[in-house]
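Here is a briefing on one protein chain.

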Amino acid sequence: MPVSPAYRPDPRFAALGPDFGDPVQAADFPQATLRFRNGRAAASVGLETLDDAEWIAHFGRFAPLPGQPDPIAMRYHGHQFRQYNPDLDDGRGFLAAQMREVSGGLADQKEPRLLDLGTKGSGATPWSRGGDGRLTLKGSVREVLAAALLEAQGVPTSRAFSLIETGEALQRGDEPSPTRSAVLVRLSHSHIRFGTFQRAAYFQRTDMIETLAEHVRSLYHPQVAAGDVPGLLAAIVQASARLTARWIAAGFVHGVLNTDNLNVTGESFDYGPWRFLPMYEPGFTAAYFDQFGLYAFSRQPEAVFWNLTQLAGALKLVAEAEPLTAALNGFGPAYIRELRAAFLDRLGVLSLGEAADQRLLDTTLALLRHGGADLRWEPLFHDWFGGFASSARALVGPRARLYQGEAFDVFRFALFEHEPDRPERLADPVFSEPEPVELLIDHVEAIWSAIDRDDDWSKFSDALCRIEAARSVFQARP
């Protein structure tokens with residue numbers, strides 16, 4: 001059986017018509033070597049029964065899945081480092097399939113979520129503009145790792161679904177060449193970007209904006225009433241605030257927060273030169289070409305809000321400015337609220353109310369700032385997960401000498417006010433390890449070096465196993 005009975009194709013984007021995308025064909029790659037398949041993600045859309053040959057046929061050769069049209073290269077514009085670019089669109093990827101989640105769905109949804117399979121590195125499209133449409137294997141490996149760790153840490157994110165090495169030697173100016181090639185497939189709630197709306201606005205196509213807004217509202221924000229464009233913007237603002245807060249709590253730097261890299265469901269995707277913070281450093285940047293720190297760690301809320309204002313500018317063609325402005329003004333309060341909640345989750349404690357939760361957030365950041373290079377971002381959350389229930393473990397661990405002094409005392413007082421959230425999780429072997437799973441640049445380079453030099457995928461597999469073990473603890477629910 002190629003797909004399970006639970007598989008439910010639902011290619012809604014294709015129904016929008018040729019104004020929004022173009023049928024394309026994938027490249028004919030010289031080889032297709034399966035390097036990674038996400039079994040848990042596949043089960044969530046009824047594709048876990050595919051054997052490896054079928055998997056490669058669909059995600060390396062891109063034979064359409066049952067009930068799916070030909071792949072579609074999506075059209076969009078965007079601001080790149082705040083400069084408008086009308087020459088974007090899908091130049092090395094496409095929407096491969098849409099289907100319903102096997103189970104789940106939110107309380108206000110009548111049926112499980114619509115999910116997309118989108119590609120990266122699948123070949124040239126009409127929008128490649130001289131590019132080869134390919135993706136490096138290193139870039140693919142990096143995205144698989146980052147998506148896994150973000151999911152483990154509770155960050156809304158696309159998931160790496162498939163990674164297939166394609167056997168071409170690529171020339172790139174920003175890494176040693178020739179380098180190996182791959183095609184990546186990601187599973188996401190939506191690939192509709194802020195820039196999708198911007199393109200329609202650029203051409204003054206109010207009909208396209210209205211069609212797209214209703215498409216997004218009905219599929220991704222059904223709690224919003226039909227025709228309520230400001231309400232739709234408010235929902236996207238809230239989702240974006242949650243996403244940004246979760247990035248900050250994870251110590252994650254996206255790297256390229258352009259309007260074509262933010263979507264209407266508030267999920268991480270298309271993060272190329274991402275980094276995780278080694279320590280608390282507000283000005284830390286991920287992209288070497290971000291010379292002015294526009295997308296630095298602490299400026300990510302500013303960047304996301306700026307991008308939301310561009311989305312609002314596109315929607316202004318079909319809605320009044322005042323309610324759109326009111327929707328935008330909801331970002332700041334939502335971000336602070338979500339940031340408190342994200343830090344509580346990362347520390348494994350329960351809310352005690354706004355004032356106490358804010359005190360814990362402030363003292364956690366103060367301790368990280370005081371600890372400097374000696375107190376890395378991720379180990380603090382590993383050591384103190386569970387609050388006072390972790391005290392004995394943290395105070396005899398490898399960072400015990402850092403947990404003293406005034407900054408620590410203030411942090412500990414704020415933390416110990418809060419009750420542990422499901423303290424039984426501390427019995428998991430994850431917390432018997434002295435160090436947490438991390439993906440600092442040195443870790444990622446070591447994983448890639450083993451693959452590049454010796455075709456040794458063991459470090460890659462080991463990292464994913466450790467991340468999955470952490471995810472099963474952090475995301476566990478009764």
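Contact here means heavy atoms within 4.5 Å. The model is predicted. With that cut-off, Val-256 is in contact with Phe-81, Asn-261, Pro-273, Phe-289 and Tyr-295, leaving aside its neighbours within four places in sequence.

**Val-256**
- Val-256 sits in the loop between β11 (252–253) and β12 (275–276).
- Its relative accessibility is 11%, so Val-256 counts as buried.
- Val-256 and Pro-434 are 178 residues apart in sequence, and their C-alpha atoms are 33 Å apart in space.

**Helix α11**
- Among the buried residues are Trp-377, Phe-381, His-382 and Trp-384.
- The cover over α11 includes α6 (229–250), α9 (331–347), α10 (354–371), α12 (391–394) and α13 (406–416).
- Gly-386 follows α11 and has a positive phi, near 100 degrees.

**Helices α4 and α5**
- The axes of α4 (residues 194–202) and α5 (residues 206–220) come within 9 Å and cross at roughly 160 degrees.
- Angles over 145 degrees count as roughly antiparallel, which makes α4 roughly antiparallel to α5.
- The crossing of α4 and α5 is left-handed.
- By class, their contact has 8 nonpolar, 1 polar and 1 charged residues.
- On the α4 side, Thr-196, Phe-197, Arg-199, Ala-200 and Ala-201 take part; on the α5 side, they meet Met-208, Ile-209, Leu-212, Ala-213 and Val-216.

**Other salt bridges**
- The count comes to 44 salt bridges.
- One of them joins the side chains of Asp-22 and Arg-75, at 2.7 Å from N to O.
- Asp-22 lies in strand β1 (residues 21–23) and Arg-75 in the loop between β3 (72–74) and β4 (78–80), so the pair ties together parts 53 residues apart in sequence.
- Asp-22 and Arg-75 are buried.
- Asp-87 and Arg-129 form another salt bridge, with their closest N and O atoms 3.9 Å apart.
- Asp-87 and Arg-129 are 42 residues apart and link distant parts of the chain.
- Asp-87 is partly exposed at 45% relative accessible area, and Arg-129 is partly exposed at 42% relative accessibility.

Technical notes. Residues are numbered from 1 along each chain as its sequence is written. This is a predicted model: local features need pLDDT of at least 70, side-chain atom pairs count only at pLDDT 80 or more; totals for chains, interfaces and linings use all residues. Side-chain values use heavy atoms; hydrogens and water are left out. Buried means under 20% relative accessible area, exposed over 50%, partly exposed in between (1.4 Å probe, protein chains only). Helices (H or I, at least four residues) and strands (E, at least two) are DSSP runs, numbered from the N terminus. Axes are lines fitted to C-alpha atoms, for helices over the stretch in contact, and angles run from 0 to 180 degrees between N-to-C directions. Angles under 35 degrees count as roughly parallel, over 145 as roughly antiparallel, 65 to 115 as roughly perpendicular and the rest as oblique. A crossing is left-handed if the near helix is turned anticlockwise from the far one by less than a right angle, and right-handed if clockwise. Ala, Val, Leu, Ile, Met, Phe, Trp, Tyr, Cys and Pro count as nonpolar, Asp, Glu, Lys and Arg as charged, and the others, Gly among them, as polar. A salt bridge is a side-chain nitrogen of Lys or Arg within 4 Å of a carboxyl oxygen of Asp or Glu.
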